[in-house]
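Hello,

Here is the structure I promised to pass on to you.

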Amino acid sequence: MATALAPAKVILFGEHAVVYGEPALAAAIDLEARVSVRPAGVTTVNGNPLSSQHHVHLVHALQVTEAPHFDITTASGIPSAAGLGSSAALTTATVAAVLQHLGRFDPERTARLAYEAEWRAQGGRGSPTDTSTVSAGGGVLVDRPPGEGEPLWTIERGERTWALRRVTLPPMTLVVGHTQERGRTADEVAKVARFAKRQGTFAREVFAEIGGVARDGMRALTANDLPAAGKLMERNHRLLTILGVSTPKLDRLCAAAMRHAHGAKLTGSGGGGSMIALPTDVEKCADAIRRAGGVPYTVHLGARGVRVFAGEVPA
Ligand code: PMV
């Protein structure tokens with residue numbers, strides 16, 4: 001038997017444009033998913049038969065690890081379809097637990113296989129941002145090689161190469177505002193793909209601008225210049241709006257949070273899901289989000305990457 005714990009993540013800057021080779025900055029946060037695997041005659045998930053309809057991410061995670069049959073137990077403190085990487089955490093924890101069981105766990109192998117599984121689950125689209133951040137923990141910059149920061153690993157897919165690098169971010173509290181609207185990553189990524197096809201050069205210019213904002217944002221955050229980081233978050237949000245992935249509710253939560261924040265933006269794929277704010281006053285910012293109809297979560301950056309254990313781990 002083996003268990004893995006994997007954190008949620010937020011994308012601080014650069015979502016969507018990262019799929020097209022621009023840099024993005026993501027960070028693990030202190031919400032967690034847990035997966036345990038126990039050898040069995042036939043695979044079950046929380047006592048139910050494994051289903052390609054209900055357990056899409058698990059099916060792919062088991063396939064890429066060539067897993068034998070298991071009784072799988074999952075538990076997650078990460079709201080799903082909220083743009084916080086709940087599926088990446090579940091996928092990564094499953095891959096890690098299987099690898100641990102097989103005596104083959106290491107974070108880089110986990111990140112590669114979890115990306116492969118996510119990529120398949122998302123219909124052949126997406127970047128390794130979520131799965132690598134969940135695997136590595138802390139702050140992760142996804143960039144073209146060579147890039148800034150300490151190298152973690154490089155992931156290739158077709159013509160694209162993403163260099164994953166560790167970035168040391170100061171301890172930071174964010175307020176996440178969940179819209180309670182479902183944002184499906186695969187749909188939003190497909191929407192941006194259509195935008196890219198339709199708009200050609202203009203789309204590439206928007207992606208490049210998001211990339212520039214991500215790079216400046218990383219520098220502002222590592223220098224602990226929160227006012228500058230906040231302004232860049234707002235710019236990033238406006239650029240994501242141009243891509244068509246924001247919603248009226250995300251815009252409303254960002255505007256409400258801004259009264260008590262350096263900046264705010266949607267995080268992750270959008271189309272619902274969540275926004276993040278860099279608060280000047282955590283309580284007031286959370287309250288403003290709640291009044292605007294969102295569900296606030298106070299989260300801290302700097303969570304550890306995926307961890308594995310032999311056997312069960314007490315809750
Ligand atoms: O929906 P999330 O939080 O998993 O974010 C996906 C991030 C995207 O840039 C939109 C897609 C990707 O694969 O990088």
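Of the 315 residues of the protein chain, 57% are buried, meaning under 20% relative accessible area with a 1.4 Å probe and protein chains only. Please keep in mind that this is a predicted model, where local features need pLDDT of at least 70, side-chain atom pairs count only at pLDDT 80 or more, and totals for chains, interfaces and linings use all residues. Residues are numbered from 1 along each chain as its sequence is written, and side-chain values use heavy atoms, with hydrogens and water left out.

The protein chain has 9 helices and 13 strands, which are DSSP runs numbered from the N terminus (helices H or I, at least four residues; strands E, at least two). Contacts (heavy atoms within 4.5 Å) with a separation of 6 or more come to 74% from residues 24 or more positions apart.

On a 1 Å grid over the protein atoms alone, a pocket is an open set of points with protein on both sides within 12 Å along at least five of seven lines, whereas a cavity is a set where a 1.4 Å probe fits but cannot get out; lining residues have an atom within 4 Å of a point. Grid points are joined across faces, edges and corners, and a volume is the space filled by probe spheres set on the points.

The largest pocket holds about 1000 Å³. It has 46 lining residues, and His57, Ser86, Ser87, Glu118 and Thr185 are the closest to its centre. Elements giving two or more residues to this lining include strand 1 (2–13), helix 2 (86–101) and helix 5 (185–199), while helix 3 gives the largest share, 4 residues. By class, the lining has 17 nonpolar, 22 polar and 7 charged residues; here Ala, Val, Leu, Ile, Met, Phe, Trp, Tyr, Cys and Pro count as nonpolar, Asp, Glu, Lys and Arg as charged, and the others, Gly among them, as polar.

The second largest pocket has a volume of about 160 Å³. Among the residues lining it are Tyr20, Trp119, Arg157 and Trp162, and two or more lining residues come from each of helix 3, strand 8 (160–167) and helix 5.

Finally, the whole structure has 1 cavity of 30 Å³ or more. The largest cavity is lined by Leu12, Phe13, Met172, Leu174, Leu221, Met233 and Leu278, which gives 7 nonpolar, no polar and no charged residues.

Best wishes

Definitions and conventions. Buried means under 20% relative accessible area, exposed over 50%, partly exposed in between (1.4 Å probe, protein chains only).
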